[in-house]
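Please work through the following exercises with the sequence and the coordinates at hand. Each task is followed by a solution in steps.

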Amino acid sequence: MLPKGLTIQGFLIVEILVSIALFITLLLALGKCYSSPCLETSGLDMLWSVHAGESFQMFLTAVFCMIHGVITFHAIFRCAYHGQVYGMVLALSVGMSVWLLVQVIDFAQASSLLAGTFD
């Protein structure tokens, strides 16, 4: 069994690495279509491609996750114990959880619209 500190450090490092991978994927997928050939009709182009609004949402998600990982790592392992620091980490974690929940709902809605397009 790993010590608690090492386990938490590992989870935070994985969180930072996954958010960096999300950021790189965002840069590679910008403006690409989900289908081939790309559907250019009115309205469907927003559903079948990675447009600027989705890219900005994913940019914010990646940056928010990176900031959360770095601040949490610094607050837990580098700072002296202080109640306000742990309160800040808790508030940041709750904020990130709400943001990720909103992202899941948004992309689930888009994917359910895409699933019913050609039925």
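The exercises below concern a predicted model and treat one threonine and several aromatic rings.

**Exercise 1.** Determine where T25 is found and whether T25 is buried, partly exposed or exposed.

*Solution.* Begin with the secondary structure: T25 belongs to helix α1, which covers residues 4-29. Next, consider accessibility. Then examine the side chain, which comes to 2.8 Å from the backbone oxygen of A21. Finally, turn to a residue 33 positions away along the chain: the C-alpha atom of M58 is 9.5 Å from that of T25.

**Exercise 2.** Classify the aromatic pair formed by F56 and F59.

*Solution.* The model contains 4 aromatic pairs. In the pair of F56 and F59, the ring centres are 6.5 Å apart and the planes make an angle of 25 degrees. Planes under 30 degrees apart count as stacked, and therefore this pair is stacked. Both residues lie in helix α3 (residues 52-77), 3 residues apart, or about one turn of the helix. F59 is partly exposed, at 34% relative accessible area. Ring pairs also join F23 with F56 and F59 in a cluster.

**Exercise 3.** Classify the ring pair of Y81 and Y86, and state how accessible each residue is.

*Solution.* The ring centres of Y81 and Y86 are 5.2 Å apart, with the planes at 35 degrees, so the pair is tilted. As to accessibility, Y81 is exposed at 66%, whereas Y86 is partly exposed at 32%.

How values were computed:
Residues are numbered from 1 along each chain as its sequence is written. This is a predicted model: local features need pLDDT of at least 70, side-chain atom pairs count only at pLDDT 80 or more; totals for chains, interfaces and linings use all residues. Side-chain values use heavy atoms; hydrogens and water are left out. Helices (H or I, at least four residues) and strands (E, at least two) are DSSP runs, numbered from the N terminus. A polar contact is a pair of N or O atoms within 3.5 Å; within protein, one must be able to donate a hydrogen and the other to accept it, and residues adjacent in sequence count only if both atoms are side-chain atoms. Rings of Phe, Tyr and Trp (its six-membered ring) pair if their centres lie within 6.5 Å; planes under 30 degrees apart count as stacked, over 60 as edge-to-face and the rest as tilted. Buried means under 20% relative accessible area, exposed over 50%, partly exposed in between (1.4 Å probe, protein chains only).
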